[in-house]
Amino acid sequence: MFIPFKDLALVSCSVLLCAAALTAQAEEHKMEHKQMASAQSMAEVVTTSGVVKGVLADTNQLKVQHQRIPEWDMRQMQMKFNLAPGMQAADFKEGQAIRFHLKQQNMMKFTITDVIDQ
Ligand SMILES: [Cu+2]
């Protein structure tokens, strides 16, 4: 069988192109992950304010109506927050306005690490 050189060149050329495209895609994917990871770690702790809506002494948590948190793309809402070790839910009162640092560990685990203003 005889393959003209012209065709052979064409075949190997398209193989090369395909490999290059795949590599570029993989690089792009890696970049995306890196960006996502840094965006997440950047917004791990935010400063926000809210009003204490409930004191849960048993679990040492506070129910807080918090302001919008743009860093996490979160509208204002009422949420249950854990308190960092050394902080006591009993030290807070319903209706109290607080400004605090809030840490997000996992998707749905939020902890008040300290209160700046109360
Ligand atoms: Cu929320």
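Read along the sequence, the predicted model follows the pattern α-β-β-β-β-β, with one helix and five strands in the protein. Of the 118 residues, 13% are buried. Among contacts with a separation of 6 or more, 48% are made by residues 24 or more positions apart.

The mean pLDDT of the protein is 80, and 62% of its residues reach 70 or more. Among the elements, helix H1 (residues 5–42) has the lowest mean pLDDT, at 53, whereas S2 has the highest, at 98. Over residues 37–42 the pLDDT is below 50, and this stretch has zero contacts in the model beyond near neighbours in sequence.

The strands form a closed barrel of five, which runs S1-S2-S3-S5-S4 and has mixed pairing. Neighbouring strands of this sheet are turned against each other by 55° on average, direction ignored. In general, the strands of a sheet pair through backbone hydrogen bonds, in either a parallel or an antiparallel manner. Strands S2 and S3 run antiparallel and are joined by six bridges. Glutamine 65 has glutamine 78, in S3, as its bridge partner.

The largest nonpolar core consists of ten residues: Leu62, Val64, Phe81, Leu83, Ala89, Phe92, Phe100, Leu102, Phe110 and Ile112. Two or more residues of this core are given by each of strand S2 (61–66), S3, S4 and strand S5 (110–117).

One member of this core, alanine 89, is located in the loop between strand S3 (77–83) and strand S4 (97–104). Alanine 89 counts as buried because 20 C-beta neighbours lie inside 10 Å, and the cut-off for a buried residue is 20 or more. When residues up to four places away in sequence are not counted, alanine 89 touches Val55, Leu56, Ala57, Asn60, Gln61, Leu62 and Leu83. Of these contacts, Leu62 and Leu83 also belong to the largest nonpolar core. Alanine 89 and glycine 54 are separated by 35 residues in sequence, and the distance between their C-alpha atoms is 9.3 Å.

How values were computed
Residues numbered from 1 in each chain as written. Predicted model: local features only at pLDDT ≥ 70, side-chain atom pairs only at ≥ 80, totals over all residues. Helix = DSSP H or I, 4+ residues; strand = E, 2+ residues; numbered from the N terminus. Buried ≥ 20, exposed ≤ 12 C-beta atoms within 10 Å, placed from the backbone. Contact = placed C-beta atoms within 7 Å. Core = buried A, V, L, I, M, F, W, Y, C linked by C-beta atoms within 7 Å. Pairing = 2+ DSSP bridges. Axes fitted to C-alpha atoms, helices over the stretch in contact; angles between N-to-C directions. pLDDT = per-residue confidence, 0-100.
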